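Dear colleague,

I am passing on the structure we spoke about, and below it you will find my notes on what turned up when I went through it. Please read them with the coordinates open beside you.

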Amino acid sequence: MGKFDELQKAVFEGNVEKVKIIAESLLATSEDPLSIINDGLIAGMNIVGTKFKEGEMFVPEVMMSASAMNAGVDVVRPAVKGEDIKSAGVIVIGTVKGDLHDIGKNLVCMILRSAGFEVIDLGVDISPEQFIDAINKYNPKIVGMSALLTTTMPAMKETIDTITEKGLRERVKVIIGGAPVSREFAEEIGADGYGDDAIAARDLCIKLAQ
Ligand code: B12
């Protein structure tokens, strides 16, 4: 049995207490906090994703797994070390219009903060206009958009088009992510980058913020 199997199983079962206990004990054995997140918590959530898709799990159970995963992230968060990049820049991030998925986005925010970025998390169901207001208010170097539904992917293009129309496109780099999104799609809609997980998002932002 792999050392993260039990943690994955506890996320899958939506068992908040068990997830906390296992995450704490893994931390105590000086397991890398990012592996606990990636190989334990996210891997557990991926099992949930498969079962949900196959119709073997339903929304309430998925929500319980999501809570369990978040509880695990809360345990591990303090151990994720900041990398001493002094104020690497401001990043505005949100889940696009019509989309309420935020687990992945929240992870991306956490990892970006740990890399020294000032992250303004706009939340979920964010319209192009709300992104524009945030660009004007916070003057970010980077704008990040998350989408988990194929039906909300077009809202990413709509947001980029609105940024261009408002004459703000030269001021910001735009990055996108979320399970259905790809590098090809990013190119197609004129985004500056794509990241397939939170670590890739961090590396991308470090590159783009230079
Ligand atoms: C959890 C979940 C839910 C939860 C959301 C809870 C929450 N607070 O987020 C609930 C139950 C509410 C839900 C609802 C729905 N869901 Co849902 N959900 C999922 C599930 C199981 C897991 C998603 C998740 O959190 N993954 C874990 C995180 C860590 O991964 P992630 O989001 O991909 O994020 C990572 C990367 O993508 C990347 N990333 C993410 N964002 C960004 C942003 C940037 C800028 C960058 C660089 C990187 C990046 O980094 C993250 C960390 O590594 C997926 C299945 C799946 N395998 O994706 C379905 C899924 C996304 N849902 C789906 C559906 C259909 C729905 C509903 C329509 C169901 C319904 N009939 O009501 C509703 C829609 C609600 C809405 N309007 O948004 C479908 C989408 C199908 C499609 N092709 O569009 C999926 C794929 C399941 C399926 N196969 O059928 N869902």
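Domain 1 (5-79) and domain 2 (89-208) each supply at least three residues to the shell around the ligand. Please bear in mind that this is a predicted model. The two domains are those of the domain assignment for the protein chain, and their centres, taken over C-alpha atoms, are separated by 25 Å.

There are 37 residues around the ligand, of which G49, G104, S146, G177 and G195 come nearest. The elements that give two or more residues to this shell are the helices α3, α4, α5 (103-114) and α9 (198-208), together with the strands β3 (142-146) and β4 (173-177). Among these contributors α3 gives the most, with 6 residues. Sorted by class, the shell around the ligand holds 21 nonpolar, 11 polar and 5 charged residues.

I then turned to helix α1, which spans residues 5-13 and in which L7, Q8, A10, V11 and F12 are buried. Two packed helices are described by the angle between their axes and the distance between the axes. For α1 and α4, the axes come within 6 Å and cross at roughly 135°, and the two helices are therefore oblique to each other. On the α1 side the contact is made by A10, V11 and F12, which meet S65, A68, M69 and G72 in α4. The residues of this contact of α1 with α4 divide into 5 nonpolar and 2 polar, with no charged residue.

Two further residues may be worth a look while you have these helices on the screen. G14, which follows α1, has a positive phi, near 70°. M63, for its part, has its place in helix α4, and the C-alpha atoms of M63 and G14 are separated by 8.0 Å although the two residues are 49 residues apart along the chain. Is M63 buried or exposed? M63 has 11 C-beta neighbours inside 10 Å, and because a residue with 12 or fewer is classed as exposed, M63 counts as exposed.

With best regards

Key: Residues are numbered from 1 along each chain as its sequence is written. This is a predicted model: local features need pLDDT of at least 70, side-chain atom pairs count only at pLDDT 80 or more; totals for chains, interfaces and linings use all residues. A residue is buried if 20 or more other C-beta atoms lie within 10 Å of its own, exposed if 12 or fewer, and partly exposed in between; C-beta atoms are placed from the backbone. Helices (H or I, at least four residues) and strands (E, at least two) are DSSP runs, numbered from the N terminus. Axes are lines fitted to C-alpha atoms, for helices over the stretch in contact, and angles run from 0 to 180 degrees between N-to-C directions. Angles under 35 degrees count as roughly parallel, over 145 as roughly antiparallel, 65 to 115 as roughly perpendicular and the rest as oblique. Two residues are in contact if their C-beta atoms, placed from the backbone, lie within 7 Å. Ala, Val, Leu, Ile, Met, Phe, Trp, Tyr, Cys and Pro count as nonpolar, Asp, Glu, Lys and Arg as charged, and the others, Gly among them, as polar. Domain bounds come from an automatic or database domain assignment. A residue is near a molecule or strand if its C-beta atom, placed from the backbone, lies within 6 Å of it.
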